[in-house]
Amino acid sequence: MRFFLREIGQGPRAGRDLTREEGREAMSLILSQQATPAQAGGFLLVQRYKGESPEELIGFAEAVRSSAQTIAPKVEGLLDIGSPYDGRKKSIVVSPASALVVAAAGVPVVMHGEKRMGPKFGVPIGDVLEALGIDVDAEPDEVERSLEETALGFMRQSRFVPQVFALRELRTEIALRTCLSTVEKIYNLAGASYSLLGLSHLPYAEKMLAAASEMGFRRVMIVQGIEGNEDAPTSRPCRAFLWELGQKRELRIDPVEYGLQPATAEEMAGGDAAANARIAEAVLSGEPGGHRDLVLLNAGLRIWLAERAASIAEGIEKARAAIDSGAARAKLKRLSTKRG
């Protein structure tokens, strides 16, 4: 590990990026705890300030994948939602409701995360799913079966990647997002064909796309969404980047084009997990308004990304049909462990 620290840590002139193979070896030393906590923390911090190269990110992701429990559900066109594990603090969490609508529209969706993750310690998608009564602590074979039977599954990090989960305290002490936060979004433990990612800093889009494109996806979209997450807003246009079979293009997603109602500042403030779950339940029950249109836009984007619609507009109409027919509400009822 000392070799790798010297190679990356000698400043902008003498330091260098690691190769893909070196990145994989360095991360393997951290995951196996052959690197001391001081070495692991130093490596992650230097990488943050140096800026990870695409090749390094791929190597890191390969090391994590080799230590992980993967699954291979027998479904067609699985969509992976790469939501930040540390959640969000100021804004509504749209992904859980959107995932239920998308699953009801026939697109299998896998989500993943963990509880109480830093540095943000916000509301993650798993907490909202749990507040909806959905199991977020299932064993890998149970997640695989859920995807096959209900088109929705959640992979908890402590179940699937215990070696990364074991670094949680170290990451909390670092107090900054590291390369592991990126790897968690893209590591594709269920063999998905499609990936949706969120992004705060546009200069990072190119390297994230390059790394994600090596994880087995056929189509990847990065959205500069709400609070830098994967949820597109209706209150403003946002930028997105699509990678498909080696080709990249930029998109401008403007809700006005689809006749959607902009969410107000009050509607954008989602609150805690329980509050977000109540919003999701209301939308799935057919309640009109800004929250519904947020879910329609994001579900439509996901349906289009997964190639179940020829356009975003068509995806939105399929999402609308899944809600209005009661299919999305029925999907939640089937998945929920709530009683009463």
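Predicted model: local features only at pLDDT ≥ 70, side-chain atom pairs only at ≥ 80, totals over all residues.

Biologist: How much space lies in the largest pocket, and which residues are closest to its centre?

Modeller: About 510 Å³. Of the 26 lining residues, Arg48, Arg177, Thr182, His201 and Tyr204 are the closest to the centre. Helix 12 (residues 179–186) gives the most to the lining, five residues.

Biologist: Why is helix 3 called oblique to helix 5?

Modeller: Helix 3 (residues 20–31) and helix 5 (residues 54–66) pack at about 45°, with axes 7 Å apart. Angles under 35 degrees count as roughly parallel and 65 to 115 as roughly perpendicular, so helix 3 is oblique to helix 5. The crossing is right-handed.

Biologist: What makes the contact between them?

Modeller: Helix 3 brings Arg20, Gly23, Arg24, Met27, Ser28 and Leu31, which meet residues of helix 5 including Glu55, Ile58 and Phe60. By class, that contact has six nonpolar, three polar and four charged residues.

Biologist: And why are helix 6 and helix 16 oblique to each other?

Modeller: The axes of helix 6 (residues 95–104) and helix 16 (residues 290–305) cross at roughly 55° and come within 9 Å. Roughly perpendicular begins at 65 degrees and roughly parallel is under 35, therefore the pair is oblique. Their crossing is right-handed.

Technical notes
Residues numbered from 1 in each chain as written. Heavy atoms only, no water. 1 Å grid on protein atoms, 1.4 Å probe; cavity = no way out; pocket = protein on both sides within 12 Å on 5 of 7 lines; lining within 4 Å. Points joined across faces, edges and corners; volume = space filled by probe spheres on them. Helix = DSSP H or I, 4+ residues; strand = E, 2+ residues; numbered from the N terminus. Axes fitted to C-alpha atoms, helices over the stretch in contact; angles between N-to-C directions. Parallel < 35°, antiparallel > 145°, perpendicular 65-115°, else oblique. Left-handed = near helix turned anticlockwise from the far one by under 90°. Contact = heavy atoms within 4.5 Å. Nonpolar A, V, L, I, M, F, W, Y, C, P; charged D, E, K, R; others polar.
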